[in-house]
Amino acid sequence: MTSNQRLQAILITGRTIEQGVGKEKGKTSKEYLDGVAICHIDPADLKKLGIKGNVNVQISTIYGSVVVKAVESPRAPHAGIAYMPYGPWANAVIDPDTDSIGMPSLKGISAEIEPAGDKPVLSLTELLKSQFGKEPYAPH
Amino acid sequence: MPHIEAVTCPVCGCLCDDIRLRIEAGKIVEVKNGCAMCESKFLGYCGEHRLSKPLIRKNGELVEVSLNEAVKKAAEILAEANYPLLYGWSSTSCEAIRIGLELAEEVGGVIDNTSTVCHGPSVLSIQDIGIPSCTLGQVRHRADLVIYWGCDPWSAHPRHIERYTSFSDGRFEKSEWKGYLSKTKALIVKKKIEKALKRVFARETPSLSPHVRREPPPTLFKEGRKMIVVDVRRTRSAETADYFIQVEPNRDYELLEALRLLVRDEELEVEEVAGVPVAYLEEVADLMIRCNFGALFFGLGLTMSRGKMRNIDAALSLIRDLNTRTKFTIMPMRGHFNVSGSDTVFTWQTGYPYAVDFSLCYPRYNPGETSAVDVLLRGETDASLIVASDPVSNFPRKAAEHLVKNPLIVIDPHVNATAQMGDVVIPSALVGVEVEGTAYRMDHVPLPLKKVVEPPEGLISDEEILRKILSEVRKIKAGKMEES
């Protein structure tokens, strides 16, 4: 098994029903983390990466990098396209350029995916702290 | 055990107004007719993720304070700021938005709603080209061809297909639900046979699912309602459709323009466009021309990918072309339950639908310059007020960094990333559950939001909180005038 493979992919961000239910339940809920801090990857691409589903992967673009859980895409085939639900994890790597019309580019971004090894998926609170260096409010 | 009928669901732009709730001991205990998101909202509205007390950041940590103290602090921040950003608005009532606009004018800030990162490009394009649209009732009763382009209603607007399009029983067009059920049953049987064959012969799946087959199936030319989905991946909505067109990422514009040519009886001198064979597109164009009433719904697959507003230009122009041959309408799939209402109230109050700048004391509108993400990326704002939204989650990181760096006031019923990063956090009662209001459905039909339970003690509506802040800002400004 080759676990040091890298994969060039086009990153698409969008809605999933799990993200919708999770956001209504609460952004600090486990449902939201499980539904949003993920990346749908085509089974053929997972093979190329030398991993199976439910393994942490690092998604990197020229705008940033984030660790999320790779999930074998239920919507395959879409080889070469990785899909992340909208949320703070996806927004760590998307293109902020608005092309002078106000809208950042949240779909169709070149990204590189690699197995993350031991790196964990950060919770929302941990992610905020690491990104902004300000103490996040922890409700419980 | 009182039941409340005909409740409007405050989640997505569908604003389903047939929700039935059962209330016991002042709590919602049962939801009927709603989708998964609706149930999650009505049953989980008062859970552990709810904000209960106003908070102010002191020595780096958010601590509980009184409402008056939080309102005063918020007003001071806004009154002192040179160029504050007032953002959010799409998940609150029109009444609250109206006060928000008054506040933006008072403090000379820039006010923007979530359209800016969803259908902002659609709005710009509609202003350029116009939009032949209708209400969802028309689609429900008349549409015999429904196209979803770059959107996945199954996930983002779960009852859209059931209430307004293919699975709704209209006056002139019938529901395709039974046909879908038999198709699904046949697929399940086929999958079982394939699995059994795989086990027996221990080899790869012998054939692909029919949904992956790219040519238009014969069933596309049946009587009754037809549904086509165009997307970059096979979404759940695509599985529901009669025909799924898988377009290559960032190439929607080419596909739309190719269809425009075909609708105008021009010939294409290529074999395929955006990964779709022209022969198949010809059949789709033919179907579009031959339908009696077509409806195209489009989502962020068009507004966020390469081309952005130019994709919408092409989609609107395609519908304009189609209207020379038949009757066709088009509508953006608006996400938040009152994002259409935000655009409407903004327009009614200032003349512009979003990204309105009051820094020169009169409203200016220039998306790209006065839009939230741009003013943040350029580092121009020096304070922010966020109402019923979560830009720290939803904005690109670089824009969120500037938001967090400056004083951040948050009014929201729930803990979210923005509230966690806030400097003044004021919890509010949930509109559509604990307080009344008005919201606009995606087709611009205004609907009343009901109060079904009492809010937790001490929580008031966004509208009331904003009124208090506005009045405090006016007091501070009057005091400064007297001093000078």
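## Helix packing in chain B

In this predicted model, Ala258(B), Leu259(B), Leu262(B) and Val263(B) of α10(B) meet Leu281(B), Glu282(B), Val284(B), Ala285(B), Met288(B) and Ile289(B) of α11(B); contact requires C-beta atoms, placed from the backbone, within 7 Å. The residues of this contact comprise 9 nonpolar, no polar and 1 charged, where Ala, Val, Leu, Ile, Met, Phe, Trp, Tyr, Cys and Pro count as nonpolar, Asp, Glu, Lys and Arg as charged, and the others, Gly among them, as polar.

Helix α10 spans residues 252-263 of chain B and helix α11 residues 278-290; their axes come within 9 Å and cross at roughly 60°. Helices are DSSP runs (H or I, at least four residues), and strands are runs of E of at least two, numbered from the N terminus. Axes are lines fitted to C-alpha atoms over the stretch in contact, with angles from 0 to 180 degrees between N-to-C directions.

Thr116(B) lies in the loop between β7 (110-113) and α4 (120-129) of chain B. Thr116(B) is buried because 28 other C-beta atoms lie within 10 Å, the cut-off for buried being 20 or more. Beyond neighbours within four places in sequence, its contacts include Gly102(A), Tyr354(B) and Ser371(B).

## Confidence and conventions

The average pLDDT (the predictor's confidence in each residue, from 0 to 100) of chain B is 94, and 97% of the residues score at least 70. Over residues 206-211 of chain B, however, the pLDDT is below 50. The complex receives an ipTM of 0.92 and a pTM of 0.93 from the predictor.

Residues are numbered from 1 along each chain as its sequence is written, and chains are lettered from A and ligands numbered from 1 in the order in which they are written. Local features need pLDDT of at least 70, side-chain atom pairs count only at pLDDT 80 or more, and totals for chains, interfaces and linings use all residues.

Conventions
Contact = placed C-beta atoms within 7 Å. Buried ≥ 20, exposed ≤ 12 C-beta atoms within 10 Å, placed from the backbone.
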